[in-house]
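Thanks for coming, everyone. Today I'll talk about pockets, cavities and charged pairs. Please look at the structure on the screen first.

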Amino acid sequence: MKEIVFATNNMHKLQEVRSILGDRVTLLSLQDIGCDVDIPETGRTLQENAGIKSKYVFERYRMNCFADDSGLEVEALGGEPGVYSARYSGSRDMAKNIQHLLEKLDGQTNRMACFKTVISLILDGREYLFEGKIEGRIIHEKIGDKGFGYDPIFVPDGYSKTFAEMDPEEKNAISHRAIAVANLTDFLFTL
Ligand code: IMP
């Protein structure tokens, strides 16, 4: 296999995955294949959304392709915000999303949560799914200014600091996204 499309417009994610795959695979972005559509994420699960994006590319361009979708799942909220993590408060403002989540958890003693990433790979027309997950807990107020999203309120199991207090190398060695990408690359390199 020579070329594979990563169905993302997020250059940071593309760079991260490119550095893991090295020169064994040529990774193309949506921009590289001339696809400038913001593929609508209308699914009700992370798996559905990842599949919508990978299938969109395969059906139109007939190229091998993968796509990812991630979210935070809080046990006491029945798995919310999950697939709606990016706009939990109704807007994309992460300060508002975090505030909304902390308010919903007010008075709740069960603070268990996990981050999940699902990757959908379409290879020769067949779908393969890969998952990465990291368990942890939601603290009561934001700590740290690194990372993004819900990082300032998430402390992974076995640690006493939030994702937002970690350097990128430390977070990327244990994150849900890193685990899912490792599962994908293990599969690609055994082909
Ligand atoms: P995406 O599918 O990777 O774009 O993630 C969707 C949303 O989930 C993001 O906008 C964040 O709110 C949240 N999220 C995903 N991964 C992380 C992470 O590593 N840290 C904090 N928040 C995340």
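**The largest pocket**

Sorted by class, the residues lining the largest pocket are 15 nonpolar, 14 polar and 14 charged. Here nonpolar covers Ala, Val, Leu, Ile, Met, Phe, Trp, Tyr, Cys and Pro; charged covers Asp, Glu, Lys and Arg; the others, Gly among them, count as polar.

Some ground rules before we go on. This is a predicted model, where local features need pLDDT of at least 70 and side-chain atom pairs count only at pLDDT 80 or more, while totals for chains, interfaces and linings use all residues. Residues are numbered from 1 along each chain as its sequence is written, and side-chain values use heavy atoms, with hydrogens and water left out.

Back to the pocket. Its volume is about 1300 Å³. In total, 43 residues line the largest pocket, and the closest to its centre are Lys13, Asp69, Ser70, Ala86 and Arg92.

What do we mean by a pocket? On a 1 Å grid over the protein atoms alone, a pocket is an open set of points with protein on both sides within 12 Å along at least five of seven lines. A cavity is a set of points where a 1.4 Å probe fits but cannot get out. Lining residues have an atom within 4 Å of a point. Points are joined across faces, edges and corners, and a volume is the space filled by probe spheres set on them.

Which elements supply at least two residues each of the pocket lining? They are H1, helix H2 (46-61), S3, helix H4 (168-174) and H5. S3 gives the most, with 5 residues. Helices (H or I, at least four residues) and strands (E, at least two) are DSSP runs, numbered from the N terminus.

**The cavity**

Now the closed space. The count is 1 cavity of 30 Å³ or more. The largest cavity has a volume of about 50 Å³. Its lining is Phe6, Lys13, Glu16, Val17, Phe66, Asp68, Ile119, Arg177 and Val181. By class, that lining has 5 nonpolar, no polar and 4 charged residues. Helix H1 (11-21), strand S3 (65-74) and helix H5 (176-189) each supply at least two of the lining residues. H1 gives the most, with 3 residues.

**Salt bridges**

On to charged pairs. Side chains of opposite charge can pair when their charged atoms come close. We call it a salt bridge when a side-chain nitrogen of Lys or Arg is within 4 Å of a carboxyl oxygen of Asp or Glu. How many salt bridges does a search of the whole structure find? It finds 11.

Take Glu73 and Lys116. Their closest N and O atoms are 3.0 Å apart. Glu73 lies in strand S3 and Lys116 in strand S4 (residues 112-123), so this pair ties together parts that are 43 residues apart in sequence. Is Lys116 buried or exposed? Lys116 counts as buried, at 17% relative accessibility. Glu73 is partly exposed, at 22%. The cut-offs: buried is under 20% relative accessible area, exposed is over 50%, and partly exposed is in between (1.4 Å probe, protein chains only).

Next, Lys104 and Glu80 form a salt bridge at 3.4 Å, N to O. Lys104 is in helix H3 (residues 94-104) and Glu80 in the loop between S3 and H3, so the pair ties together parts 24 residues apart in sequence. Lys104 is partly exposed at 42%. Glu80 is partly exposed at 31%.

Finally, a network of salt bridges links Glu41, Lys53 and Asp69. Recall that Asp69 is also among the residues closest to the centre of the largest pocket. Thank you.
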